[in-house]
Amino acid sequence: MYRGVELPKPSTDGIITLENRFKSNVTKEALSFLKLCLHCDPLKRATIEDLLMHPYLEGLDQWYEVDFQKILEMDNISFNGWRKKKERVPTSKQRERRQSEDDKLKPKKKIDVAQSLTSVDLHELPDITGTKVQKLPYLLDNKTMTNGNSELEMGRVRLQIQEVYIKIKKMQAENNADVDRCFLEVEVEGKTPLGRMVIQLFRDKCPTICKNFIECCKGNFKNTKVLTIIKKLLIQGGDYETNNGTGGKLAVEYDKESYPPDDEDYFHECDEPYLVCIERGINLKLASQFTITAVASPFLKERFIVFGKVIKGTSIIKRLEYVPVVETTYVPTKEVIIVDCGILKMGEDDGIIIKEDQDIYPNYPNDAEDAESTERKIEIAEHLREIGNTYFKNGDIEKALSKYEKAFRYLVPGLRPEQERMKLEEKEIILLGNISVAKMKQKEWPTVIELCSKIMQILDYRKDLTNYDSTLVKAKFRRGVARFHRADWSSCYNDFSDALTIEPKNKEIWQWVERSKKELQKYQEKEKQIFSNLFK
């Protein structure tokens, strides 16, 4: 703070040492701190980095962050023995007299400076020297600040506090030193939220690339499209300028011609999935575009620089692989949007678990640490289904559907042993039925047909189920209703007829049989007329 500034050499006549001046109300650590600040030799004078590591700052009982605005608004006050006046400027003789009578003077208006300070318990902040400081104190404790006989002048204290505070905050803001992860939240066509991906950054390997990615995650990537999806290979995004793959320049200052810098040409074998990369030698106009690999891709190791990895939300990438794309360009035919993005500081919660209602589980079982056993998966799925049922009864179909689908993901992790598969299939059938009913409310008839067909496919080899007949009737009936609304009269009539053979006394099924039969007869008569006119 004071390095390089010459101080006048004090006269030895009548000199009063700091120890004698402050012996009544200042600790040894505080005196040592002051001496380091005011050393006559510029080379021996302490820097900000030295002061922050001083024992005086580690042993304070009170921690304050200054409310600068309140201090600046203070007027016509006397502080620490100095009078402040608006108009009259004291002469040199008056200043000398006041200096000699310091101890006798009393403040014109007694001010407790602690009232102008806000007590604060700061989170861990990385120190500018590289070490971590758990709490950051500012120069003076409560006792020294509020003592009316102190020899420290208000303006000087304020300046010292401001300089330390502003410099540290500025350096942290520029370097984002405490940010180690970022997140992206993805949605399909504005109605199917897929959840949050958390990305661990390799800041020690690629500091400049990570710095740019962090800056973009502060808002640039929000509402941008996923540009390319190649199944079993990769997804691409990051064009925050044009949203079509022709933009996405650097979001940070960079004065070199090639990007990334030569010393950040981090070589990764690409022998694992979910790596976040940029292309080597990418054009500066496209430097913010990124790629996430869906599988291990060692053949891409020469092409990409890896600067991070998706550590949570990996199942989102698997779901994105099934979004339909144009065959020649691999551009998604449905809009896949990054609806939100952000940065995560060290130790900050990643937001994977959104605590609402009684749902305390991650969106995807891969991110759940306690969902290893079959029994636990069934327990979680059943709890989620009950929450979904509550939403359904209250008429909130969207939330009910999200809970049903989330529960279903916990039951379908992939290939399973025979015994485990049979346990889970019973729950799967129930959940598929719940989802189909919710989709009927939303009038998404093709999806209802697909779900009911899936139920019947499972029932074909699970005739041992105790509720086999009732489950089959429900599946055929719902599929029949969906086919009826799609004007597939013949198929819906067959579904209703099959359901009626199992439950011949069901009045509702009888009504749908009659409706579909009438529509089928109308269609057949109209078809006859059309064909008869062709041969006239």
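A charge sits over a ring if NZ of Lys or CZ of Arg is within 6 Å of the ring centre and within 35 degrees of the ring normal. The structure is a predicted model, in which local features need pLDDT of at least 70, side-chain atom pairs count only at pLDDT 80 or more, and totals for chains, interfaces and linings use all residues. Residues are numbered from 1 along each chain as its sequence is written, and side-chain values use heavy atoms, with hydrogens and water left out.

**Exercise 1. Charges over rings**

Task: State which ring lies under the charged end of R409.

Solution. The ring belongs to Y364, and the charged end of R409 is 4.5 Å from its centre. A further case is R196, placed over the face of F183 at 3.6 Å from the ring centre.

**Exercise 2. The aromatic pairs of F484**

Task: Classify the pairs that F484 forms with W489 and with W512.

Solution.
Step 1. Rings of Phe, Tyr and Trp (its six-membered ring) pair if their centres lie within 6.5 Å; planes under 30 degrees apart count as stacked, over 60 as edge-to-face and the rest as tilted. This rule gives 10 aromatic pairs.
Step 2. F484 and W489 are 5.1 Å apart, centre to centre, with 75 degrees between the planes, and form an edge-to-face pair.
Step 3. For F484 and W512 the centres are 5.2 Å apart and the planes 85 degrees, again edge-to-face.
Step 4. F484 lies in helix α15 (residues 468-485) and W512 in helix α17 (residues 507-534), so this pair ties together parts 28 residues apart in sequence. Helices (H or I, at least four residues) and strands (E, at least two) are DSSP runs, numbered from the N terminus.
Step 5. Buried means under 20% relative accessible area, with exposed over 50% and partly exposed in between (1.4 Å probe, protein chains only). F484, at 10%, is buried; W489, at 17%, is buried; W512 is buried as well.
Step 6. Ring pairs join F477, F484, W489, F496 and W512 into a cluster.

**Exercise 3. The strands beside β14**

Task: Describe how β7 and β9 pair with β14.

Solution.
Step 1. Two strands pair if DSSP finds at least two bridges between them.
Step 2. β7 and β14 are antiparallel, with nine bridges; F183 stands opposite G342 in β14.
Step 3. Strand β9 (residues 224-230) and β14 run antiparallel and are joined by two bridges. T224 has I338 as its bridge partner in β14.
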